[in-house]
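Subject: Structure handover

Hi,

Here is the structure for you to look through. My notes on some of its helices follow below.

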Amino acid sequence: MKLLDVLNVFGGVGLFLYGIKLMSEALQSIAGDKMRQLMGTIAKTPLRGVFIGALVTILIQSSAGATVMTVSFVNAGLLTLKQAIGIIMGANVGTTITAQIIAFSIESFALPLIALGAALAIFCKKSKRAAYLGNGIIGLSLLFLGMGVMKSSTHLMSGQRELLLMLSSNPILGIISGMILTVLIQSSAATIGLTIALASQGLLTLDAAIPIILGDNIGTTFTALLSAIGANRSAKQAAAAHMLFNLLGVIIFSLAFPLYKGLVVMTADTVGRQIANAHLIFNILNTIIFFPFVSLLAALIEKIIPNEIPTAQDDLKYLNKNLIAASTTAAVQAVKDELLYMGGIVKLMLNNIKVAYKLDNNNNLKINFDDIFEEFEGREKRVNAINRAIASYASEIWQRGLGAEASKVLGCYVSAASDIERVGDHSENLMELYNSLNDYMSGAAHGEFQDMFATCEQAFYIALESLEHEDIRLANKVVFELESKIDSQEAQYRQNHIDRLNKGECDPEKGVNFIDVLGNLERIGDHSDNIAAYTFDIKSGSKDSKRNNNNSHD
């Protein structure tokens with residue numbers, strides 16, 4: 001066994017894995033907004049979860065990555081365990097597509113395909129989709145080139161006949177070998193590729209290859225198990241469900257090995273295609289077998305890993321660093337979810353202001369304002385912490401590399417989070433000004449404050465909704481209607497208050513504070529306008545000038 005031969009095999013595996021990476025990035029870039037929207041879709045039923053899991057796995061070319069994303073969503077409370085199991089089943093089905101692709105023996109076309117892909121990527125820069133398609137073709141070509149290198153270098157195993165015969169006669173050893181290999185290289189597709197390469201050269205029999213494929217299906221679950229470390233109990237349950245689902249399937253198919261092998265042999269004439277079909281048959285039949293028992297499987301997992309007693313909510317809900325490695329597209333969606341969660345906290349802060357300024361139409365309640373201020377301050381600190389976390393998390397996503405469109409969307413989300421945080425800051429100013437006003441405000445001033453506050457609150461709520469649903473109609477309402485109304489109210493009410501001061505109807509010292517109250521409300525309107533304007537950026541790229549002008553407000 002020569003060192004150069006060993007290095008050639010590793011080089012082939014490297015080309016193979018890098019080809020999958022390029023294909024994954026190209027598919028996600030071509031999918032664009034549709035991929036982001038898919039990742040924001042909740043699989044309400046296990047059946048829907050199977051389809052979503054399969055589609056996401058095809059797009060990111062990694063069942064382990066799709067499962068890591070699922071674990072992250074469970075950790076964030078976006079999915080129940082039953083819904084997650086459906087997605088995991090779909091991910092197992094989706095990963096069989098890669099095995100079917102690599103079973104084609106078209107290594108001789110790899111270099112011409114690279115030439116085609118490079119031409120598209122280099123000379124079609126004006127068409128992003130064509131460039132992405134070119135990168136995808138290059139990735140596919142490198143995958144086949146890697147397979148060719150692995151096949152030509154596997155002759156080094158010809159001197160290990162005894163070991164290979166042992167795998168044929170001992171299926172358990174084959175299962176363990178496939179599991180360990182997949183854990184080490186963190187790619188079930190690469191394990192299948194190596195297995196096909198060895199079998200295609202006559203170094204592995206089908207009896208030895210099938211157990212390796214079964215072990216590969218156990219090994220791929222370790223990535224999700226690792227991602228659940230440090231996550232909540234629900235995430236650990238989802239990772240355990242993936243392991244248990246695949247493990248039970250391997251046990252069933254091992255016990256029925258003669259029938260399983262007979263079915264595989266009937267599907268194709270070449271051993272490479274038979275191995276790919278063995279992977280396909282296992283995952284499809286395993287899903288069909290266990291799908292009717294999703295509820296029972298979930299109940300069993302909850303018995304093994306009991307649900308935890310609810311505790312105080314952490315500052316962060318959706319940001320999971322494992323998502324960045326699994327799929328930058330999913331990580332961008334997590335940023336959006338986190339900033340909307342952050343906006344929900346600011347809504348609660350605005351409600352605190354309504355109580356403090358007695359805008360809740362229930363002025364007869366005996367309220368301890370010290371408790372309100374303490375609650376408000378806790379929320380304000382959480383908002384600041386989330387904003388910093390979003391900026392840091394987004395920086396890590398950018399370092400992984402993003403397409404131009406996804407990068408623009410992520411930039412909008414980071415900027416929107418900053419504007420939400422500034423709304424929180426101005427809300428804090430309003431609470432502090434309440435203390436300065438010492439519950440003093442004339443009837444006229446109180447009425448004006450109530451009107452303007454209601455407009456600002458409406459603008460903030462609608463701005464968040466426009467960003468959440470990418471709704472241009474709602475964004476237009478904030479940018480072209482409510483923002484102008486807030487500016488008009490601020491100018492009119494400021495003048496009204498100056499008139500009251502001149503007439504001696506208001507305390508001059510308190511009057512200055514009321515001017516500051518109006519100013520902070522107007523700033524909330526400005527930042528709500530900014531948030532709504534990001535919807536235009538995400539959907540069409542217009543409104544940049546308006547957004548940039550508004551960002552001058554602090």
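Start with T191, which is found in helix α11. Helices here (H or I, at least four residues) are DSSP runs, numbered from the N terminus. This is a predicted model: local features need pLDDT of at least 70, side-chain atom pairs count only at pLDDT 80 or more, and totals for chains, interfaces and linings use all residues. Residues are numbered from 1 along each chain as its sequence is written, and side-chain values use heavy atoms, with hydrogens and water left out.

Is T191 buried or exposed? T191 is buried, because its relative accessible area is 0%. Buried means under 20% relative accessible area, exposed over 50%, and partly exposed in between (1.4 Å probe, protein chains only). Leaving out residues up to four places away in sequence, T191 touches G178, L181, T182, I185, I212 and D216. Contact means heavy atoms within 4.5 Å.

The rest of α11 is mostly covered too: 12 of its 13 residues are buried. Among them are S188, G193 and A199. The length of α11 also checks out. At 1.5 Å a residue, its 13 residues should span 18 Å, and the end C-alpha atoms are 18 Å apart, which agrees. The expected span is 1.5 Å times one less than the number of residues. Just after α11, G202 takes a positive phi of about 75°.

**α10 against α11**

Helix α10 (residues 171–185) and helix α11 (residues 188–200) have axes that come within 8 Å and cross at roughly 125°. Axes are lines fitted to C-alpha atoms, for helices over the stretch in contact, and angles run from 0 to 180 degrees between N-to-C directions. The two helices are therefore oblique to each other. Angles under 35 degrees count as roughly parallel, over 145 as roughly antiparallel, 65 to 115 as roughly perpendicular and the rest as oblique.

From α10, G178, L181, T182 and I185 meet S188, A190, T191 and L194 of α11. These contact residues divide into 4 nonpolar, 4 polar and no charged. Ala, Val, Leu, Ile, Met, Phe, Trp, Tyr, Cys and Pro count as nonpolar, Asp, Glu, Lys and Arg as charged, and the others, Gly among them, as polar.

**α12 against α16**

Helix α12 (residues 206–219) and helix α16 (residues 271–290) pack at about 40°, with axes 10 Å apart. That makes α12 oblique to α16. The contact of α12 with α16 has 9 nonpolar, 4 polar and 1 charged residues.

Best wishes
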